[in-house]
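Subject: Structure handover

Hello,

Here is the structure for you to look through. Please open it first, then read my notes below.

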Amino acid sequence: MDQVKSNDSLILYIKNLFHDSSDLIVREVTWKDGVGIVCFFNTMTESGEVNKQIDIIRKRAIDGLPDW
């Protein structure tokens, strides 16, 4: 439960840092070993590409390959 509160607080902190910019996307991503937070500007990236990269990293983690 502390992890959830901690991530929620971190997400709010990041959004506040960028003055609740409408194009800033901040979201939790579930990994094999826990939860991470992904941040990006949707005016500079495509959500589909971000999701594709996240899926690649997840697959590499499952297969035991390095993230790079």
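**What was found**

Asp55 is partly exposed, with a relative accessible area of 45%. Here, buried means under 20% relative accessible area, exposed means over 50%, and partly exposed lies in between (1.4 Å probe, protein chains only).

Two notes on the basis. This is a predicted model, so local features need pLDDT of at least 70 and side-chain atom pairs count only at pLDDT 80 or more, while totals for chains, interfaces and linings use all residues. Residues are numbered from 1 along each chain as its sequence is written, and side-chain values use heavy atoms, with hydrogens and water left out.

**Salt bridges**

Side chains of opposite charge can pair when their charged atoms come close. A salt bridge needs a side-chain nitrogen of Lys or Arg within 4 Å of a carboxyl oxygen of Asp or Glu. The count is 2 salt bridges.

Which residue does Arg58 bridge to? Its partner is Asp55, with the closest N and O atoms 3.6 Å apart. Arg58 and Asp55 both sit in helix H2, 3 residues apart, about one turn of the helix. Arg58 is partly exposed, at 30%.

Lys52 bridges to Glu49, with 3.1 Å between the closest N and O atoms. Lys52 and Glu49 also lie in helix H2 (residues 47-63), 3 residues apart. Lys52 has a relative accessible area of 44%, and Glu49 has 38%. Both helices and strands are DSSP runs, numbered from the N terminus (helices: H or I, at least four residues; strands: E, at least two).

**Rings**

Arg58 has another contact: Arg58 lies over the face of Trp31, 5.4 Å from the ring centre. The rule asks for NZ of Lys or CZ of Arg within 6 Å of the ring centre and within 35 degrees of the ring normal.

There is 1 aromatic pair. Phe18 is in the loop between H1 and strand E1 (24-31), and Phe41 is in strand E2 (residues 34-41), 23 residues apart. Rings of Phe, Tyr and Trp (its six-membered ring) pair if their centres lie within 6.5 Å; planes under 30 degrees apart are stacked, over 60 edge-to-face, the rest tilted. Phe18 is partly exposed, at 40%. Phe41 is partly exposed too, at 24%.

Best wishes
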